[in-house]
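Hi,

Here is the structure I promised to pass on. Have a look at it first, and then read on for what turned up.

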Amino acid sequence: MPGDLRAVFDFIAFSARLREVERHNNATADRKESVAEHSWHLAMVSWLLHQQFEREFGHALELERMLKMCLMHDLVEIEAGDPSAWATQHSAEHTQDKARIEEEVAQRRFTPLPGPLATEFLALWHEYEEGVTPEARLVRGVDRLNPALMRLLTGQGWQDVDADATALDRLQLPRVQVSETLTALYEEVRDAAVERGLLPAAS
């Protein structure tokens with residue numbers, strides 16, 4: 001097998017392991033969601049909302065770049081793990097450790113890709129992490145909305161993290177408020193969760 005193809009094959013095999021990484025929210029009432037499932041659903045939601053986002057922002061947004069970010073942004077978690085946002089939101093030290101470990105994984109796993117692939121993967125991953133471009137901010141907003149949606153849809157609720165609507169707002173709003181669309185969707189999720197008794201009302 002040619003060297004470039006071997007490097008791509010090795011990365012394909014590596015990326016397949018994303019199925020093995022469990023998230024903290026459920027996929028169904030009976031099992032946790034995998035990070036691969038999560039990444040796929042982010043891509044689907046971003047695609048579905050793309051035109052709405054463009055109308056809201058008043059300019060074109062690169063859907064292909066958004067979809068690529070959705071699909072690859074959590075690949076580093078194959079080796080770095082998927083820490084709970086609830087456990088890390090108040091710890092600056094943990095956030096710095098997470099960033100350092102994930103950067104090491106990104107460099108180790110993305111740079112062996114041949115030619116422009118290595119550059120593209122690293123650039124997209126850094127774009128997502130930095131959250132500066134409109135596309136990255138929107139994908140980060142969808143990423144934050146998704147676990148709340150799954151906790152509602154599966155009936156998991158938030159008892160395991162001892163959260164009420166106020167705590168959920170603190171976690172969600174900094175990311176979803178980049179877009180009126182995402183904010184409205186989040187509020188729908190939050191209010192439905194309160195109504196169904198899955199989330200205590202604001203304290």
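A question to start with: which residue lies over the face of Tyr-128? That would be Arg-140, at 5.5 Å from the ring centre. The rule for a charge over a ring is that NZ of Lys or CZ of Arg is within 6 Å of the ring centre and within 35 degrees of the ring normal.

Before the rest, some housekeeping. This is a predicted model, in which local features need pLDDT of at least 70, side-chain atom pairs count only at pLDDT 80 or more, and totals for chains, interfaces and linings use all residues. Residues are numbered from 1 along each chain as its sequence is written, and side-chain values use heavy atoms, with hydrogens and water left out.

**The overall picture**

The protein has 10 helices and 2 strands. Both kinds of element are DSSP runs numbered from the N terminus (helices are H or I with at least four residues, strands are E with at least two). Reading from the N terminus, the order is α-β-β-α-α-α-α-α-α-α-α-α. The radius of gyration is 18 Å, close to the 17 Å from the globule rule for 203 residues, so the protein is as compact as a globular protein of that length. That radius is taken over C-alpha atoms, and the globule rule is 2.2 Å times the number of residues to the power 0.38.

Along the principal axes, the C-alpha atoms fill a box of roughly 60 × 40 × 30 Å. The accessible surface comes to about 10,600 Å², and 53% of that belongs to carbon and sulfur atoms. Areas here come from the Shrake-Rupley method with a 1.4 Å probe, and for residues only the protein chains shown count as cover. Of the 203 residues, 45% are buried. Buried means under 20% relative accessible area, exposed means over 50%, and partly exposed is in between (1.4 Å probe, protein chains only).

**Salt bridges**

How many salt bridges does the rule give? The count is 17, where a salt bridge is a side-chain nitrogen of Lys or Arg within 4 Å of a carboxyl oxygen of Asp or Glu.

Take Arg-190 and Asp-169, whose closest N and O atoms are 3.0 Å apart. Arg-190 sits in helix H10 (residues 180-195) and Asp-169 in helix H9, so this bridge ties together parts that are 21 residues apart in sequence. At 16% relative accessibility, Arg-190 is buried. Elsewhere, bridges with shared partners join Glu-62, Arg-65, Glu-127 and Glu-135 into one network.

Arg-175 is in H9 (residues 165-176) and Asp-143 in helix H8 (residues 134-153), so the pair ties together parts that are 32 residues apart in sequence. Asp-143 is buried too, at 13% relative accessible area.

Glu-37, in helix H2 (residues 35-57), pairs with Arg-31 at 2.8 Å, N to O. Here both partners are partly exposed: Glu-37 at 28% and Arg-31 at 40%. Leaving out residues up to four places away in sequence, Glu-37 touches Ala-27, Arg-31 and Lys-32. From Glu-37 to Pro-134 it is 97 residues in sequence and 24 Å in space, C-alpha to C-alpha.

Met-44 is also in helix H2, and is partly exposed at 26%. Its C-alpha atom is 10.0 Å from that of Leu-71, which is 27 residues away along the chain.

**Aromatic rings**

The whole structure holds 4 aromatic pairs. Rings of Phe, Tyr and Trp (its six-membered ring) pair if their centres lie within 6.5 Å; planes under 30 degrees apart are stacked, over 60 edge-to-face, and the rest tilted.

Why does the Phe-110 and Phe-121 pair count as tilted? The ring centres are 5.5 Å apart and the planes are at 50 degrees, so tilted is the label. Phe-110 lies in helix H6 (residues 92-110) and Phe-121 in helix H7 (residues 116-130), so the pair ties together parts that are 11 residues apart in sequence. Phe-110 is buried at 1% relative accessible area, and Phe-121 is buried at 17%. Ring pairs also link these two with Phe-11 and Phe-14 into a cluster.

Cheers

Technical notes
Contact = heavy atoms within 4.5 Å.
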